[in-house]
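Me: I would like to go through this model with you and ask, for each label, what value stands behind it.

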Amino acid sequence: RIESVRLRRILDSRGNATVEADVLTESGGFGRAAAPSGASTGEYEAIELDPGEAIASAREHAVPRLEGNVYVGDQRDVDTTLRAADGTDNFSEIGANSAVAISMAAAKAAADMLGAPLYQHLGGAFRGDTFPVPLGNVIGGGEHAADATAIQEFLAAPVGAPSVQDAVFANAAVHQEAASILDERGVPSAKGDEGAWAPSIDDDEAFEVMDEAVSTVSDDFGFDIRFGLDVAGAEMYEDGEYHYRDQTRSTDEQIAYIADLVDEYDLVYVEDPLDENDYEGFAELTDRVGDQTLICGDDLFVTNVERLSDGIEQDAGNSILIKPNQIGTLSDAFDAIELAVENGYDPVISHRSGETEDTTIAHLAVATDAPFIKTGSVGGERTAKLNELIRIEQNVSRL
Ligand code: PGA
Ligand code: ZN
C-alpha cells in the first residue's frame, strides 16, 4: 500500500514550474513522475492548475485518501481515488498536473515493488513485441515558436527502420540535415519549444526542406524515412478560416490542401488538420485520404473516451494522440487506447511541448504496442524518452 505521497514544484523545459510526485509504498517501492505541460492545449483538456495551487489542493484532498489505503499495484484504484478526491469531471479541483504526476508515480512505485520494468508492469505478460516508430519534430512553428511556420510540426517518420535505435538516430540525422539545408539557403534558425528548427519561412519552403532532408537521410541510412505533420489546426482557425502566413483557407480549401499534401509528399501522418470542433471535416478528410495516411486527433479527442466515441461514430480520423496529462490518469489513457484499438484507430503516444526528464511515455508506448510515439528528436527532455526506448529495446531483445 501507499505509505506516502510527496509533491513538489520542479522546472520544466520552458523554465516554468510543474508538479513532481514521489510515491513510496509500505514495502519500500518507490516511484517518481512529473507532469508535462502544453502550449497549444486543446479546449477540452483536463484542467492544469497553477502548480502551487495544484499541489496544495492535492495535499488537502487526494493525499490523505491515498496514504495507508490504496495498493499501488491496483492502478484503477489509485486513479479512481484521485477522481473521487477531485470530485469534478475535469480535475479542476486538484489539477490534472497533480493527478497525472501521482498516477504515473504510483505505477512506477508498483513496478519497483514488483521488481519489473514499468513497460512490463503496465503491459503485462501478453504484451506484443512491437516497438513504436518515433515521430521526430524537425521543423516547426505555430504556438511553439514566434515568426516561424504556420503548421506547428514537420515530423520525420522512419517507418522502415529496423530498430528503435536506428529510428532515433535517423530522426536526429534528419534534424541535422534540415539545419544544413536551411544554412545553404541562407535561412537562420533558432529552435522552438520542442527542439525543432523554427525558421522564418513559409510552409511551402518547409515542405521542400523536409522532403529533401528526409530523402537524403533515407539514402544514407538505407531505409525508408517519410514525414508527417501536426497542423494544430485549432490554433490556426479563427473566424471560420485557417490562417497561414500570407493567406487564409476556408474549411473546404483546408481539406483539399491537406489531401493534396498527402498525395504530393506521401505523408504518413497528419495530426489535427482541422479545428478541434470539426468532426465533420475530419470525417471528410479521412474519407478522402484515410487509406493513405493516419489522420490523428489530438485537440479533437484530448485522450477522452467520450470524444473518441463521438469520432468513431462519425468516422472522424483513424488515429488518436494519447497524452496522459490531457485526461489526468493512466487508467483513462489506457481506456482511450483500448477503445481506439478496438475500433481500428492507431494510438500515438505523445509528449507535450513543456516536458521534464520523465520517461513514462516511452514505457507506455511499449506497454500498449502503440505504432508511433511522438517525443521530439533532440534536447535533453526529448532524448530522455528516446534513450529510454533504446534501453527498453535492448532489454526486451536481450541484445
Ligand atoms: P502542446 O503541443 O504540448 O503544446 O499541446 C503538442 C501537440 O500539439 O501535439
Ligand atoms: Zn498536436
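Me: What makes the pairing of the backbone oxygen of Pro36 with the side chain of Asn325 a polar contact?

Reply: This is a predicted model, and in it the backbone oxygen of Pro36 lies 3.2 Å from a polar atom of the side chain of Asn325.

Me: Why is Asn325 called buried?

Reply: The relative accessible area of Asn325 is 6%, and because buried means under 20%, the residue falls in that class. Asn325 is found in helix 12, and, once its neighbours within four places in sequence are left aside, it is in contact with Pro36, Ser37, Ala46, Ala96, Val100 and Arg352.

Me: How many cavities does a search of the whole structure find, and what volume does the largest cavity have?

Reply: The search finds 3 cavities of 30 Å³ or more, and about 100 Å³ of space lies in the largest cavity. Its lining is made up of 15 residues, and those nearest the centre are Pro36, Met104, Glu355, Asp358 and Ile361. Helix 12 (324-327) and helix 14 (360-367) each contribute at least two residues to this lining, which by class comprises 5 nonpolar, 5 polar and 5 charged residues.

Me: What is known of the second largest cavity, and which residues are closest to its centre?

Reply: About 70 Å³ of space lies in the second largest cavity. It is lined by 15 residues, with Ser40, His144, Gln152, Glu194 and Lys323 closest to its centre. The classes of this lining are 1 nonpolar, 6 polar and 8 charged.

Me: Which residues does UniProt list for "binding site", and why can they be said to gather at one spot?

Reply: The UniProt record, an unreviewed entry, lists Asp230, Glu271 and Asp298 under "binding site". They span 69 residues in sequence, yet no two of their C-alpha atoms are more than 9.0 Å apart, and therefore they gather at one spot. Asp230, Glu271 and Asp298 also belong to the lining of the second largest cavity.

Me: How do you know whether Asp230 and Glu271 are buried or exposed?

Reply: The limit for buried is under 20% relative accessible area, and Asp230, at 1%, is therefore buried. Glu271 has a relative accessibility of 0%, so Glu271 also counts as buried. Asp230 is placed in strand 6 (residues 226-230), whereas Glu271 is found in strand 10 (residues 269-271). Beyond the neighbours within four places in sequence, the contacts of Asp230 include Gln152, Glu271, Asp298 and Lys374; those of Glu271, with its own sequence neighbours likewise left aside, include Asp230, Cys296, Asp298 and Lys374.

Me: What makes the phi of Asp147 worth a remark?

Reply: Most residues other than glycine have a negative phi. Asp147 is not a glycine, yet its phi is positive, at about 55 degrees. This residue lies in the loop between strand 4 (133-140) and strand 5 (153-157). Because exposed means over 50% relative accessible area, Asp147, with 55%, is called exposed.

Me: Where does Asp239 lie, and why does it count as exposed?

Reply: Asp239 lies in the loop between strand 7 (237-238) and strand 8 (241-243). Its relative accessibility is 75%, and since the limit for exposed is over 50%, Asp239 counts as exposed. The phi of Asp239 is near 50 degrees, which is a positive value in a residue other than glycine.

Me: What makes Asp50 a cap of helix 1, and which residues of that helix are buried?

Reply: A side-chain oxygen of Asp50 lies 3.1 Å from the backbone nitrogen of Gly52, and in this way Asp50 caps the N-terminal end of helix 1; the cut-off for a polar contact is within 3.5 Å. The buried residues of helix 1 (residues 51-61) are Pro51, Ala54, Ile55, Ser57 and Ala58. Among the elements that cover them are strand 1 (2-11), strand 2 (17-25), helix 2 (63-66) and helix 4 (96-114).

Me: Where does UniProt place "domain: Enolase N-terminal"?

Reply: The record, an unreviewed entry, places that feature at residues 2-122. The span is 42% helix and 20% strand, and its end C-alpha atoms lie 18 Å apart.

Conventions. Residues are numbered from 1 along each chain as its sequence is written. Chains are lettered from A and ligands numbered from 1 in the order in which they are written. This is a predicted model: local features need pLDDT of at least 70, side-chain atom pairs count only at pLDDT 80 or more; totals for chains, interfaces and linings use all residues. Side-chain values use heavy atoms; hydrogens and water are left out. On a 1 Å grid over the protein atoms alone, a cavity is a set of points where a 1.4 Å probe fits but cannot get out, and a pocket is an open set with protein on both sides within 12 Å along at least five of seven lines; lining residues have an atom within 4 Å of a point. Grid points are joined across faces, edges and corners, and a volume is the space filled by probe spheres set on the points. Helices (H or I, at least four residues) and strands (E, at least two) are DSSP runs, numbered from the N terminus. Ala, Val, Leu, Ile, Met, Phe, Trp, Tyr, Cys and Pro count as nonpolar, Asp, Glu, Lys and Arg as charged, and the others, Gly among them, as polar. Buried means under 20% relative accessible area, exposed over 50%, partly exposed in between (1.4 Å probe, protein chains only). A polar contact is a pair of N or O atoms within 3.5 Å; within protein, one must be able to donate a hydrogen and the other to accept it, and residues adjacent in sequence count only if both atoms are side-chain atoms. Contact means heavy atoms within 4.5 Å. UniProt positions are given in the numbering used here, feature names are shortened, and annotations may be inferred rather than shown by experiment.
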